[in-house]
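Work through the exercises below with the sequence and the 3D view side by side. Try each task before reading its solution.

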Amino acid sequence: MSNRTLTRKPPRFSANRMWRRDEIEALGTTCPLMTAADILSISRNTAYEHAKAKTFPVKVLKLGGRCRVVVEELLDLLYGVDERAEGER
């Protein structure tokens, strides 16, 4: 067995998965477009079409040929800004 550090990868796309708020918050600062699509129950093709057309529900960052989504914006979309602020108090 190698001595490399294991990092937690986001779960793979699964159409029937229900994401809990704490799981979304645990993703970190950004997450892959496919993870955001899974959270929003959007298909792969639809997610990339909306990312390309700049109509995805939250801002998509293109970093080195990869599409990433800011997790905070995703949480704001799902739970609203006011509700998130109350939970952090």
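**Exercise 1: the surroundings of Glu23**

Glu23 touches Arg17 and Met18, not counting residues up to four places away in sequence; contact means heavy atoms within 4.5 Å. The model is predicted: local features need pLDDT of at least 70, side-chain atom pairs count only at pLDDT 80 or more, and totals for chains, interfaces and linings use all residues. Residues are numbered from 1 along each chain as its sequence is written, and side-chain values use heavy atoms, with hydrogens and water left out.

Solution. 
- Step 1. Find the element. Helices are DSSP runs of H or I with at least four residues, strands are runs of E with at least two, and both are numbered from the N terminus.
- Step 2. Check the accessibility. Buried means under 20% relative accessible area, exposed over 50%, and partly exposed in between, with a 1.4 Å probe and protein chains only.
- Step 3. Look at the backbone of Arg20. The backbone nitrogen of Arg20 is 2.9 Å from a polar atom of the Glu23 side chain.

**Exercise 2: salt bridges**

Task: find how many salt bridges the model holds, and which residues form a network.

Solution. 
- Step 1. Set the rule. A salt bridge is a side-chain nitrogen of Lys or Arg within 4 Å of a carboxyl oxygen of Asp or Glu. Side chains of opposite charge can pair when their charged atoms come close.
- Step 2. Count. The rule gives 3 salt bridges.
- Step 3. Start at Arg20. Arg20 pairs with Asp22, with the closest N and O atoms 3.2 Å apart. Arg20 also meets Glu23, at 3.7 Å from N to O.
- Step 4. Join them. Arg20, Asp22 and Glu23 form a network of salt bridges. Asp22 is partly exposed at 43%, whereas Glu23 is buried at 17%.
- Step 5. Take the pair Arg21 and Glu25. Their side chains meet at 3.4 Å, N to O. The two are separated by about one helical turn because they lie 4 residues apart in helix α1 (residues 21–25). Arg21 is partly exposed at 23%, and Glu25 is partly exposed at 41%.

**Exercise 3: the hairpin**

Task: state which way β2 and β3 run, and which residue stands opposite Leu61.

Solution. 
- Step 1. Locate the strands. β2 covers residues 60–63 and β3 covers residues 66–70.
- Step 2. Read the pairing. The two strands run antiparallel and are joined by 4 bridges. Two strands pair if DSSP finds at least two bridges between them.
- Step 3. Arg68 in β3 stands opposite Leu61.
- Step 4. Inspect the turn. The hairpin has 2 residues between its strands, and Gly64 there takes a positive phi near 60°.

**Exercise 4: loops**

Task: find where Ser41, Lys54 and Pro57 sit.

Solution. 
- Step 1. Ser41 is in the loop between α2 (33–39) and α3 (44–53). Its phi is positive, near 60°, in a residue other than glycine. Ser41 is exposed at 61%.
- Step 2. Lys54 is in the loop between α3 and β2. Lys54 too has a positive phi near 60° without being glycine. Lys54 is exposed at 76%.
- Step 3. Pro57 is also in the loop between α3 and β2, and is partly exposed at 46%. Beyond neighbours within four places in sequence, Pro57 contacts Leu40, Ile42 and Leu77. Pro57 and Leu40 are 17 residues apart in sequence and 9.2 Å apart in space, C-alpha to C-alpha.

**Exercise 5: cysteines and the whole chain**

Task: give the count of disulfides, then the order of the elements.

Solution. 
- Step 1. A disulfide is a pair of cysteine sulfur atoms within 2.5 Å. The count is 0.
- Step 2. Check two cysteines. Cys31 is buried at 1%, and Cys67 is buried at 17%.
- Step 3. The chain has 5 helices and 3 strands. From the N terminus, the order is α-β-α-α-β-β-α-α.
- Step 4. Of the 89 residues, 27% are buried.

Methods
A polar contact is a pair of N or O atoms within 3.5 Å; within protein, one must be able to donate a hydrogen and the other to accept it, and residues adjacent in sequence count only if both atoms are side-chain atoms.
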